[in-house]
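Trainee: Hi, could we go through this structure together? I'd like to start with the rings and then move on to the helices.

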Amino acid sequence: VQTRGQPCGATKVLANRIALRHEYHALLQLLRTPSRRMPMPVGAAPSRAAASAPTKTREEVLEAVKSGAFPLKDNERDSLRNRSTPLCGTPLRSLYTLLILPLALTRIVLFIVVFTSTGCTAALAACLPARSCGRRCLLAIAMRGIRAGLFCLGYHYIQQTGKPSPEAKIICSNHVSFVETFYLTSILTPCGMAEIETASIPMVASVLRALEFVLVDKSSSESRAKAGQDMTSKLSEKDAPQFLVFAEGQTSDGRQVLAFKDGAFRLGHTVQPVAVRYHRSSYDPTNDPSNMVWHFIRATFDLHHGMEVEFLDVTSKEADETPSDFAGRVRGSIAECLQVLLSNHSHDDQRLQRRCRKLYKRPPDDLAWAMPETRTCKLLLGLDLDGCTDAARAYVSRVEASQLEVKDVDAYRKALDVSEADAAALWASREGPLAYREFL
């Protein structure tokens, strides 16, 4: 870290690595501890959670709580939430919005023109043979159109450190917003993988088709398997373009690097990590899936948005390294460059949060509690997404009834519907109102 000229972040990175190493060995110890399995009640059928997640004993679960591997305190920050300041949130912001309104309207019109022309150009390119000279020329024009679109949205200058390496078959970046997707696509002209929902946007679909992107439906195991096969096939082609992946599988606010999926790292190809950093103002670039149209429009109401992109050294899989370890090493290099922490949140946390929002009669804006790190829940508690949803249903019913306060162990036992021994064991590790993690 000191050789990179950033000594101020050395302590934070070192502490992060030490904590992760201790957590990793603690989890291994829990998995290796022999213990007696909990008997299933007579007449009870195994739940879907038990069928798809490893079964955990009572002793293993309690040990995870007591050791601190699974704390009972809920997550306090929603790392997936967009936090842009409302256009009329304060008197000063209202005045600024009024002054910049003519420029914002001009930007919106220009973006629509550029967006449409880029999509039409890409549609023409898609009609030509793959990787032909004509398609490459039209794609070069379309890529410049994408960069012009970002300029219209306020990304006038993007600071870039390092260069894309032709030796890397895979480009792997952290994922915050649509902005880095547009920017990296405009300078790399890559192939890649995208959610099938994006193909429903006419102009975007033309670009994805021209670039030979692989479309995947994350909710379908068959679609994910086919996408993996298509990715392997494309990367094995001799003249294949570089493959752009966002291994986190979803966007976050950029203040941490989420858990990586190791699909792209199983192929053994060289990888170039890319670290993307945003300088936030009143506009938060974090994707807002609930209203992406307004997310684009909101970007035009700030004069300029700062952004940095750093291409790191190309790396390859070592001989004795598993795909998961390789993915973790790439993830660690991105987090170290950005000087941020690693998080075990994954795409299932986003899916769980969406399910929890539907459980409320009037859902709150902040659902940070509904992000318990589903990978950790599966590893330590034996709960899959359906099991986490069942626990959330019980928790939300207590929230809406304003029954989160418990005064003694007996009330605590009744709230969680557990045995006296389990209630006593958990009571010693908790404090304050009932938390969602206690229902898990």
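Mentor: Happy to! We say that a charge sits over a ring if NZ of Lys or CZ of Arg is within 6 Å of the ring centre and within 35 degrees of the ring normal.

Trainee: Okay, so what lies over the face of phenylalanine 70?

Mentor: That is arginine 437, at 4.5 Å from the ring centre. Keep in mind that this is a predicted model, where local features need pLDDT of at least 70, side-chain atom pairs count only at pLDDT 80 or more, and totals for chains, interfaces and linings use all residues. Residues are numbered from 1 along each chain as its sequence is written, and side-chain values use heavy atoms, with hydrogens and water left out.

Trainee: How many aromatic pairs are there?

Mentor: The count comes to 13. Rings of Phe, Tyr and Trp (its six-membered ring) pair if their centres lie within 6.5 Å; planes under 30 degrees apart are stacked, over 60 edge-to-face, and the rest tilted. Phenylalanine 260 and phenylalanine 265 are stacked, because their ring centres are 6.3 Å apart and their planes are at 25 degrees.

Trainee: Are those two buried or exposed?

Mentor: Phenylalanine 260 counts as buried at 7% relative accessibility, and phenylalanine 265 at 0%. Buried means under 20% relative accessible area, exposed over 50%, and partly exposed in between (1.4 Å probe, protein chains only).

Trainee: And what about tyrosine 395 and tyrosine 436?

Mentor: Their ring centres are 5.9 Å apart with planes at 50 degrees, so that pair is tilted. Tyrosine 395 in helix α13 (residues 385–400) and tyrosine 436 in helix α16 (residues 436–439) are 41 residues apart, so to speak a link between distant parts of the chain. Both tyrosine 395 and tyrosine 436 are buried.

Trainee: Which rings form a cluster?

Mentor: Ring pairs join Phe111, Phe115, Phe178, Phe182 and Phe296.

Trainee: Switching to helices: which residues of α8 are buried?

Mentor: Ser223, Ala227, Met231, Lys234 and Leu235.

Conventions
Helix = DSSP H or I, 4+ residues; strand = E, 2+ residues; numbered from the N terminus.
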